[in-house]
Amino acid sequence: MTMDLGLLVLRLLLAALLCGHAAQKLRGWFGGAGLTGTGVVFESWGFVPGARMALTAGVAESVGALLLALGLLMPGACAVVVGTMAVATAATAPNGFWAQRGGCEVPFWYGAVAAVLAFTGPGSWSLDTALDLPWASGAAWGPAALVVGLLAAAVPLAARARVLRGRRTLTLVEDGGTEV
């Protein structure tokens with residue numbers, strides 16, 4: 001019973017943090033920049049169009065948070081959070097690890113906790129268990145959620161890489177060099 005209570009508390013805490021993280025993007029709450037301001041930041045990171053990418057990230061974080069809080073469809077919920085946070089980690093990693101320098105500490109931690117929950121399952125106090133869904137426990141669901149999340153993250157990260165390569169080429173040409 002103590003383990004189930006711990007998993008419930010962990011799920012609810014992560015869900016609350018993800019809701020706040022999403023609300024910063026979607027609504028500008030908690031000191032966030034809203035879709036317009038977050039879109040500008042996303043564009044600077046190479047995610048275009050920025051506002052649409054911010055909306056996508058905010059919705060994914062909200063859906064992942066809701067499912068985690070309910071303990072419903074846990075492998076999918078964890079994959080959504082892992083994928084979204086992998087993208088955010090990659091975008092902020094050039095600033096280092098620690099958050100006070102704009103680093104990737106926060107998205108890395110959110111994604112890591114989601115990965116751990118994918119391996120442990122939601123616990124007995126969850127809708128997955130109440131509905132007797134097959135992924136309420138089992139060691140195979142953790143790796144599956146991790147792989148699916150990271151594969152999903154590859155899509156926006158590949159698009160970002162193309163944008164950043166294009167910017168480097170443009171900068172080289174503008175600086176009087178030849179196109180590479």
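How many disulfides does the structure hold? The structure holds zero disulfides, and the model shown in these views is a predicted one.

View 1. Cys19 takes part in no disulfide, and the nearest cysteine sulfur, which belongs to Cys78, is 15 Å away. A disulfide needs two cysteine sulfur atoms within 2.5 Å. Cys19 is partly exposed, with a relative accessible area of 40%, while Cys78 is buried, at 0%. Cys19 belongs to helix 1, which covers residues 2-26. Between the C-alpha atoms of Cys19 and Ala51 there are 18 Å, and these residues are 32 apart along the chain.

**View 2. The largest pocket and its lining.** The volume of the largest pocket is about 720 Å³. Its lining is made by 34 residues, of which Lys25, Phe42, Ala57, Glu61 and Ala88 are the closest to the pocket centre. Two or more lining residues come from each of helix 1, helix 2 (34-45), helix 3 (50-70), helix 4 (74-92), helix 5 (105-120) and helix 7 (141-174). Which helix gives the most to the lining of the largest pocket? Helix 4 does, with eight residues. Sorted by residue type, the lining has 20 nonpolar, twelve polar and two charged residues. Rolling a probe the size of a water molecule over the atoms shows where empty space is left.

View 3. Thr129 sits in helix 6, which spans residues 127-130. Is Thr129 buried or partly exposed? Thr129 is partly exposed, as its relative accessible area is 31%. A polar atom of the Thr129 side chain lies 2.9 Å from the backbone oxygen of Gly123. Thr129 and Leu72 are 57 residues apart along the chain, and their C-alpha atoms are separated by 8.5 Å.

**View 4. A cis peptide bond at Pro49.** Val48 and Pro49 are joined by a cis peptide bond. The omega angle of this bond is about -10°. Pro49 is part of the loop between helix 2 and helix 3.

**View 5. Two loop residues with positive phi.** Where does Phe30 lie? Phe30 is found in the loop between helix 1 and helix 2. The phi angle of Phe30 is near 55°, a positive value in a residue other than glycine. With 62% relative accessibility, Phe30 counts as exposed. Asp132 is placed in the loop between helix 6 and helix 7. For Asp132, phi is near 55°, again a positive value in a residue other than glycine. Asp132 is exposed, and its relative accessible area is 67%.

**View 6. Confidence of the prediction along the chain.** The chain has a mean pLDDT of 93, and 93% of its residues reach 70 or more. In which helix is confidence lowest, and in which is it highest? The lowest confidence is in helix 7, with a mean of 91, and the highest is in helix 3, at 98.

Technical notes:
Residues are numbered from 1 along each chain as its sequence is written. This is a predicted model: local features need pLDDT of at least 70, side-chain atom pairs count only at pLDDT 80 or more; totals for chains, interfaces and linings use all residues. Side-chain values use heavy atoms; hydrogens and water are left out. Buried means under 20% relative accessible area, exposed over 50%, partly exposed in between (1.4 Å probe, protein chains only). Helices (H or I, at least four residues) and strands (E, at least two) are DSSP runs, numbered from the N terminus. On a 1 Å grid over the protein atoms alone, a cavity is a set of points where a 1.4 Å probe fits but cannot get out, and a pocket is an open set with protein on both sides within 12 Å along at least five of seven lines; lining residues have an atom within 4 Å of a point. Grid points are joined across faces, edges and corners, and a volume is the space filled by probe spheres set on the points. Ala, Val, Leu, Ile, Met, Phe, Trp, Tyr, Cys and Pro count as nonpolar, Asp, Glu, Lys and Arg as charged, and the others, Gly among them, as polar. A polar contact is a pair of N or O atoms within 3.5 Å; within protein, one must be able to donate a hydrogen and the other to accept it, and residues adjacent in sequence count only if both atoms are side-chain atoms. pLDDT is the predictor's confidence in each residue, from 0 to 100.
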